[in-house]
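Here is a friendly walk through one protein chain. Have a look at the sequence and the model first, and then we'll go through it piece by piece.

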Amino acid sequence: MTVHHESTAHAALVAELATAAEGVPGVAFLRPGLTDRLRSALSRPPAGTAGAPSAGVRLTRQDGDGSWHVEIHVVALRRARTLDVARVVRDTVERRLGALEYAPPSQPAPRITVTVTGLV
């Protein structure tokens, strides 16, 4: 039961971070994963639902007591400065994690990496 709860909480956090990143001005969308590319657009759940894909966000931990690492891959709008978009996404996700108090104060702050993988 604990594993399922942790898995569900992890998936919910990833989805919440994905939503925060997608809301940043200049972000076109999160980079789709291979399964998202292969899946028909008709079979995808509506954006913002619990089943929405969040392939552009990966949340990992080095070991059981180590710090969290958040990797975010976005596609930015051509009209936006790429560096500014990446910085705002990182700051937004960092604030969201802080608001959720995901990492206890005794642990190191989560490391957040944002990569702009394309422009549209």
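This is a predicted model: local features need pLDDT of at least 70, side-chain atom pairs count only at pLDDT 80 or more; totals for chains, interfaces and linings use all residues.

Why are Glu94 and Arg90 separated by about one helical turn? Because the two sit four residues apart in helix α3, they end up about one helical turn from each other.

Residues are numbered from 1 along each chain as its sequence is written, and side-chain values use heavy atoms, with hydrogens and water left out.

**The overall layout**

The chain has three helices and four strands, in the order α-β-α-β-β-α-β along the sequence. Helices (H or I, at least four residues) and strands (E, at least two) are DSSP runs, numbered from the N terminus. Of the 120 residues, 29% count as buried, meaning under 20% relative accessible area; exposed is over 50%, and partly exposed lies in between (1.4 Å probe, protein chains only). Among contacts (heavy atoms within 4.5 Å) with a separation of 6 or more, 71% are between residues 24 or more positions apart.

**The salt bridges**

The whole structure holds five salt bridges. Here are three of them:

| Pair | N to O distance |
|---|---|
| Glu16 and Arg96 | 2.1 Å |
| Arg90 and Asp91 | 3.6 Å |

The Glu16 and Arg96 pair ties together distant parts of the chain, since Glu16 belongs to helix α1 and Arg96 to helix α3, 80 residues apart. Glu16 is partly exposed at 28% relative accessible area, and Arg96 is partly exposed too, at 30%.

Back at Glu94, the relative accessible area is 41%, so this residue counts as partly exposed. Shared partners join Arg90, Asp91 and Glu94 into one salt-bridge network. Arg90 is partly exposed at 34%, as is Asp91 at 29%.

**The nonpolar core**

A nonpolar core is a set of buried Ala, Val, Leu, Ile, Met, Phe, Trp, Tyr and Cys residues joined through side-chain atoms within 4.5 Å. The largest one here has 23 residues, and Val57, Val70, Ile72, Val89 and Val93 touch the most other members. Elements giving two or more residues to this core are α1 (2–22), β1 (27–30), β2 (57–61), β3, α3 (82–100) and β4 (111–119). Leaving aside neighbours within four places in sequence, Val57 contacts Val14, Leu17, Ala18, Leu30, Val70, Glu71 and Ile72.

With 10% relative accessibility, His69 is buried. Its side chain makes a polar contact with the side chain of Thr113 at 2.9 Å. Such a contact is a pair of N or O atoms within 3.5 Å; within protein, one must be able to donate a hydrogen and the other to accept it, and residues adjacent in sequence count only if both atoms are side-chain atoms. Not counting residues up to four places away in sequence, His69 touches Arg58, Leu59, Thr60, Arg111 and Thr113.

His73 is buried at 17% relative accessible area. Setting aside neighbours within four places in sequence, the contacts of His73 are Leu30, Arg31, Gly56, Thr115 and Thr117.

Terms used
A salt bridge is a side-chain nitrogen of Lys or Arg within 4 Å of a carboxyl oxygen of Asp or Glu.
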